[in-house]
Amino acid sequence: MGIVAGLDSSSAFTHIVVCDTDTGAVLRQGYAAHPIEAKASEVDPQAWLLSLGEAASGGLLEGVQAIGVSAQQHGLVPLDHQGNLVRPALLGNDRRAQAAAADLIDGLGGRQPWAEAVGAVPQAAQPVAKLRWLVRSEPENAQRVAAVLQPHDWLVWQLLGRPARRTTDRGAASGTGYWSAGSGSYRPDLVELALGHQAALPEVLGPADAAGTTPEGLLISAGTGETMAAAFGLGVAVGDAVVSLGASGSVMAVHHEALADPTGMITSFADATGMHLPVVHTSNAVRALRGTAEMLGLEGLDELSALALKSTPGASGLVLLPYLEGERTPHLPHTAGTLSGLRRESMKPEHLARAAFEGMLCSLADALDVLRGRGVEVRRVFLLGAAAELPAVQALAPAVFGTQVVVPQPAEYAALGAARQAAWALGVSQGKLDPRTPPAWQGAAAQVLEPGEELPVGRAVRQQYGATRDQVHPGAFGGAV
């Protein structure tokens with residue numbers, strides 16, 4: 001038996017799990033909040049190291065042979081020629097680069113050329129848009145940028161003692177806006193388009209590669225972004241999709257190839273195993289539930305869930321299109337939500353509550369169908385987020401999604417994925433594991449929900465929702481959903 005650690009440096013905290021290399025069993029854990037505001041949009045990366053040190057205190061890493069690093073995605077760490085910070089790191093939640101992203105879209109000739117080039121249309125969160133923002137807003141800093149890293153790249157580099165070689169992995173690189181998951185290569189011309197000059201980019205490692213070894217002999221694996229690490233920690237494979245219920249929503253699935261989507265609805269990420277993770281985002285998920293609860297004067301989502309279950313499938317004809325903040329899928333950035341089907345008999349609190357749950361889930365099912373329409377196999381759906389525990393979500397989701405739904409028990413899946421990657425790299429370095437086959441750790445403990453006899457009911461709910469969507473927003477999906 002060996003011992004490895006997985007480190008997840010999220011936007012607000014560092015979580016470390018120490019695991020058995022053979023089974024993945026968690027032996028011990030450490031946690032520390034970042035010494036910064038949780039909603040900060042820029043930060044001195046030293047804060048991540050301080051948090052890491054606190055989380056690893058008390059001998060947590062004693063006996064550990066390898067470490068994997070997962071970190072928040074889309075951050076930009078700009079370095080000068082000496083490897084020093086040009087300015088504080090720009091984080092993924094920084095929305096200041098929206099106009100810069102639009103500039104880049106126009107600069108390459110529209111959304112389709114970007115989708116074909118790197119599998120994604122620029123968004124404010126991506127490093128490529130942040131580079132353009134630097135040029136527009138801080139031109140002197142932009143001129144000093146000689147190299148660019150993301151948070152996980154920077155942490156790995158620091159753990160290894162800041163060597164001349166800087167590395168990343170396919171998963172993190174696929175979120176930059178200047179690396180293509182389809183071709184497996186950088187597009188330096190897009191860096192120059194954004195920044196005005198070239199910059200050094202980290203070497204992209206394979207899933208089982210090691211980034212290096214510390215002077216103490218501790219192996220550091222390639223690391224990856226939080227999304228990819230969480231998928232690896234969950235143990236998702238071909239046939240699995242993951243639906244995340246946050247204020248906004250996302251649907252991703254494991255696929256054997258990158259998907260270039262000219263509409264820009266699909267973002268073509270790479271995963272942490274050598275496969276691909278096409279992702280479809282929605283702008284609205286749990287925010288639609290919270291808004292409905294406030295409208296009804298309820299204390300929270302538990303009350304909304306209980307009220308929704310007093311209604312019947314189809315919510316007495318009431319349909320909520322939950323596009324409250326505009327929408328990414330379908331691409332309706334300037335629209336608003338719609339409440340349709342108001343009749344005297346439908347104007348009851350329980351029907352509005354159910355319409356909110358059905359609308360949220362149907363919107364995510366639309367996103368799921370975007371992937372299915374491109375040949376992505378979906379046999380089961382992993383449902384993540386605190387809202388996945390709500391009885392109304394669990395009662396409706398299998399029928400609306402039309403497939404088995406798995407609700408994993410809460411755990412630090414990104415840290416677990418990072419640890420699993422460390423075990424893989426360690427096993428390969430010792431000649432015990434195949435670089436093409438990750439260690440077979442036990443999957444996540446979960447509740448499994450089947451659509452059963454409710455499947456026709458789910459189809460009817462989706463038909464009612466789809467008819468309303470197409471009437472209010474004709475051609476929104478171009479006939480694809």
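How many helices and strands are there in the protein chain, and, within that, which residues of helix α9 meet helix α14?

Author: This is a predicted model, and its protein chain holds 15 helices and 24 strands. The radius of gyration is 23 Å, close to the 23 Å that the globule rule gives for 481 residues, so the chain is as compact as a globular protein of that length. Of these 481 residues, 57% count as buried, and among contacts with a separation of 6 or more, 71% are between residues 24 or more positions apart.

Turning to the part in question, α9 spans residues 226-234 and α14 spans residues 413-429, and their axes come within 6 Å while crossing at roughly 75 degrees; the two helices are therefore roughly perpendicular to each other. From α9, the residues E226, A229, A230, F232, G233 and L234 take part, and they meet Y413, A414, L416, G417, A418, R420, Q421 and W424 of α14. By type, the residues of this contact divide into nine nonpolar, three polar and two charged.

Helix α9 is also mostly covered, with seven of its nine residues buried, namely M228, A229, A230, A231, F232, G233 and L234. The residue that follows α9 is G235, which has a positive phi near 80 degrees.

An unreviewed UniProt entry annotates residues 241-426 as "domain: Carbohydrate kinase FGGY C-terminal", and over residues 241-426 the chain is 36% helix and 22% strand, with the end C-alpha atoms 28 Å apart.

Terms used
Residues numbered from 1 in each chain as written. Predicted model: local features only at pLDDT ≥ 70, side-chain atom pairs only at ≥ 80, totals over all residues. Heavy atoms only, no water. Axes fitted to C-alpha atoms, helices over the stretch in contact; angles between N-to-C directions. Helix = DSSP H or I, 4+ residues; strand = E, 2+ residues; numbered from the N terminus. Parallel < 35°, antiparallel > 145°, perpendicular 65-115°, else oblique. Contact = heavy atoms within 4.5 Å. Nonpolar A, V, L, I, M, F, W, Y, C, P; charged D, E, K, R; others polar. UniProt positions renumbered as here; feature names shortened; annotations may be inferred. Buried < 20%, exposed > 50% of the residue type's maximum accessible area, 1.4 Å probe, protein only. Rg over C-alpha atoms; globule rule 2.2 N^0.38 Å.
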